[in-house]
Amino acid sequence: MTQTLTIPRPDDWHLHLRDGAMLEAVLPETARHFGRAIIMPNLVPPVVTAGQAAAYRDRILAALPNGMAFEPLMTLYLTEDTDPADVAAAHASGLVKAVKLYPAGATTNSASGVSDFDKVRGVLEKMAGIGLPLCVHGEVTDADIDIFDREAVFIDRVLDPIRKSTPGLRVVMEHITTKNGVDYVKSNAADLGATITTHHLIINRNHILVGGIKPHYYCLPVAKREEHRLALRAAATSGDARFFLGTDSAPHTDPNKESGCGCAGCFTATNTMSLLAHVFEEKGALDKLAGFASKNGPEFYGLPVSGEMLSLSKSDAAVEFPEKIETREGPVTVFQPGFDVYWKVAK
């Protein structure tokens, strides 16, 4: 028996599209299902000015196949030299919807990120004044902090002090991976939201390491213990409007993922909606999927919910997801959940 579910067309509030040949190959995978996405600015070189953001937006739109509709929501990469006036002008023009904070060295292409947070205080104060959200990669990079503890330490050492010293600053904790992150969001009623990825709802650290290293499950922030995965699933399916979808879909070619120093990132753009329907059904929360994927994000960013609709259907036959996406730079492996999924996007 076929089961159907129809929700407003979803948005992705954390997406990596890269550039050039990779952009051309992976953009249709997102635009097929998602109407808008917050675009990550960690290119090489990073997108740090309004002019660079406008140029990147134009390249994205030029790569969009005919017949597809998609709106890239641009961000600026926060550096210790970021000009508050440029940020304010980019926001006022409607071009930039958020500024992204990467602690220096935290993840892919983050070398230009922030080491001295006092040097960005002026930018943060300007953002608080104009209502421009700060998207945070929430990990410290201190060598003495265990990689599985870096999110919790970041909350205590960096995020909470920033928020207390900058009243009114709207913050998105991106790709939270711990119960600590969930609890911190729940303890703050205003100006704080969090995105949760598809893959962190499905894998824990055992999936990466048990039975041999699985490079296509390796991501940053790295997946944590099972108790944290369960906390993320509970938050995502709770109906709490402070939690919304940000896939952090991050394409890397197979040689770069499977090398001796494999790149971090899971590519989930292709099958996210099918996987989310599976997770939400498991939790008895299909009625909450529209909030998580389609409504909570626009509410936080002050944007309208899509007037278009997306339908999913469930049948008795398992969906066969493509194993790879071919690009002119090489193949990109699509995230595979390791179990059968019966939901597929119907429209």
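Is Tyr301 buried or exposed? Tyr301 is buried, at a relative accessible area of 12%; buried means under 20%, exposed over 50% and partly exposed in between, with a 1.4 Å probe and protein chains only.

This is a predicted model, in which local features need pLDDT of at least 70, side-chain atom pairs count only at pLDDT 80 or more, and totals for chains, interfaces and linings use all residues. Residues are numbered from 1 along each chain as its sequence is written, and side-chain values use heavy atoms, with hydrogens and water left out.

1. Aromatic pairs. There are six in the structure. Rings of Phe, Tyr and Trp (its six-membered ring) pair if their centres lie within 6.5 Å; planes under 30 degrees apart are stacked, over 60 edge-to-face, and the rest tilted. Trp13 and Tyr301 are stacked, because their ring centres are 4.7 Å apart and their planes meet at 10°. Trp13 belongs to strand S2 (residues 12-15) and Tyr301 to helix H11 (residues 289-301), so this pair ties together parts 288 residues apart in sequence. Helices (H or I, at least four residues) and strands (E, at least two) are DSSP runs, numbered from the N terminus. Trp13 is buried, at 1% relative accessibility.

2. A tilted pair. Tyr217 and Phe335 sit 5.3 Å centre to centre, with 45° between the planes. Tyr217 is in the loop between helix H7 (205-209) and helix H8 (226-236), and Phe335 in the loop between strand S12 (330-333) and strand S13 (343-345), so the pair ties together parts 118 residues apart in sequence. Both residues, Tyr217 and Phe335, are buried.

3. Cluster and charges. Trp13, Phe244, Phe300 and Tyr301 are linked into a cluster by ring pairs. Arg170 lies over the face of Phe300, 4.1 Å from the ring centre. A charge sits over a ring if NZ of Lys or CZ of Arg is within 6 Å of the ring centre and within 35 degrees of the ring normal. Arg205 has its charged end over the ring of Phe148, at 4.6 Å from the centre.

4. Cis peptides. Most peptide bonds are trans, and most residues other than glycine have a negative phi. The bond joining Val44 and Pro45 is cis, with omega about 0°. Pro45 is in the loop between strand S3 (36-39) and helix H2 (50-63). Leu220 to Pro221 is also cis, omega near 0°. Pro221 lies in the loop between H7 and H8.

5. Positive phi. Arg18 has phi near 60°. Arg18 is in the loop between S2 and helix H1 (20-31), and is buried at 13% relative accessibility. Asp248 has phi near 55° and is buried, at 6%.
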